[in-house]
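Reader: I would like to learn how to read the features of a model like this one. Could you take me through a few of them, step by step?

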Amino acid sequence: MKTNRNGQSKVLTTAELDLLIEELPGGVHTVLANVCRRTGCRISEARQLKWENIFPTGITFPKQIVKNKLEARTVPIFPSLYDLLLKWKHQTELIKGQPVSPSDWVFVGRFGDKPITRQAHGKQLQNTIERIGFKGVSSHSYRRSALSSASSKGLPLKAIQTLSGHKSLAVLSRYLEVSEEERKNVVQAFA
């Protein structure tokens, strides 16, 4: 468990993720959290998205914003997430008083010329997890929870890797949490 920036972020259940995101301050923080949760991306990747990266069928994370800047990746998008992003776009346009352009940030920072910072979301997240009593949670919990959930459903690690952006299965496997039930199922499958 993560304590004082050490260790791994806690993997949350679907119900815990629902509660956490519901309790975040509305607007930018809930939409940002949902993007991380539903794509398995890093907070640093999500916060740097531009409207040109959002499509009805997927979200493209350009190589300039992914870790190590090696390779772009496109993650298929939930229709409900796309709808949420369209509502967010409409809210942003109402606040700006004009349409957003494709090159505008999806998650604008407080001064309007740069994306929101990791620290700004982290502060709101920290306040929320303290209020609801979660321990060991950080913004990386969105990513670990998404990837662990996919793994626990028996989806191939290679398929998960294509969406997570990990360069090796060994690195991906360090992210994944294995439940006690999954461990028991493995034992029952032993010859």
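**Reading the model, feature by feature**

Author: Happy to! Let us start with N53, which sits in the loop between α3 and β1. Please keep in mind throughout that this is a predicted model.

Reader: Is N53 buried or exposed?

Author: The idea is to compare the relative accessible area with a cut-off: under 20% means buried. N53 has 7% relative accessibility, so N53 counts as buried.

Reader: Which residues does N53 touch, not counting those up to four places away in sequence?

Author: With those sequence neighbours set aside, N53 touches G58, I59, T60 and P62.

Reader: Thanks. Now to backbone angles: which value of phi does N68 have?

Author: N68 is not a glycine, yet its phi is positive, at about 65°. You will find N68 in the loop between β1 (58–61) and β2. Its relative accessible area is 59%, so N68 is exposed.

Reader: And what is phi of K69 near?

Author: Phi of K69 is near 50°, again a positive value in a residue other than glycine. K69 also has its place in the loop between β1 and β2. With a relative accessible area of 55%, K69 is exposed.

Reader: Let us move on to charges. How many salt bridges does the structure hold?

Author: For a pair to count, a side-chain nitrogen of Lys or Arg has to be within 4 Å of a carboxyl oxygen of Asp or Glu. The structure holds 8 salt bridges. One of them joins E23 and R131, whose closest N and O atoms are 3.4 Å apart.

Reader: Where in the chain are E23 and R131?

Author: E23 is in helix α1 and R131 is in helix α5 (residues 118–132). The two are 108 residues apart, and the pair links distant parts of the chain. E23 has a relative accessible area of 28%, so E23 is partly exposed.

Reader: Which residues are linked in a network of salt bridges?

Author: R42, E45 and R73 form such a network. Take the pairs one at a time. E45 and R42 meet through their side chains in a salt bridge, at 2.7 Å from N to O. Both of these residues, E45 and R42, are buried. R73 and E45 meet in a salt bridge as well, with 2.7 Å from N to O.

Reader: Now for helices. How are two packed helices described?

Author: Two packed helices are described by the angle between their axes and the distance between the axes. Here, helix α1 (residues 14–23) and helix α2 (residues 28–39) pack at an angle of about 155°, and their axes are 10 Å apart. An angle over 145 degrees counts as roughly antiparallel, which makes α1 roughly antiparallel to α2.

Reader: Which residues make that contact of α1 and α2?

Author: From α1 come T14, L17, D18 and I21, and from α2 come T30, A33, N34 and R37. Sorted by class, the contact of α1 with α2 has 3 nonpolar, 3 polar and 2 charged residues.

Reader: At what angle do α6 and α7 cross?

Author: The axes of helix α6 (residues 140–152) and helix α7 (residues 157–164) cross at roughly 155° and come within 10 Å. That makes α6 roughly antiparallel to α7. The crossing of α6 and α7 is right-handed. On the α6 side the contact is made by R143, L147, A150 and S151, and on the α7 side by L157, I160 and S164. These residues divide into 4 nonpolar, 2 polar and 1 charged.

How values were computed:
Residues are numbered from 1 along each chain as its sequence is written. This is a predicted model: local features need pLDDT of at least 70, side-chain atom pairs count only at pLDDT 80 or more; totals for chains, interfaces and linings use all residues. Side-chain values use heavy atoms; hydrogens and water are left out. Axes are lines fitted to C-alpha atoms, for helices over the stretch in contact, and angles run from 0 to 180 degrees between N-to-C directions. Helices (H or I, at least four residues) and strands (E, at least two) are DSSP runs, numbered from the N terminus. Angles under 35 degrees count as roughly parallel, over 145 as roughly antiparallel, 65 to 115 as roughly perpendicular and the rest as oblique. A crossing is left-handed if the near helix is turned anticlockwise from the far one by less than a right angle, and right-handed if clockwise. Contact means heavy atoms within 4.5 Å. Ala, Val, Leu, Ile, Met, Phe, Trp, Tyr, Cys and Pro count as nonpolar, Asp, Glu, Lys and Arg as charged, and the others, Gly among them, as polar. Buried means under 20% relative accessible area, exposed over 50%, partly exposed in between (1.4 Å probe, protein chains only).
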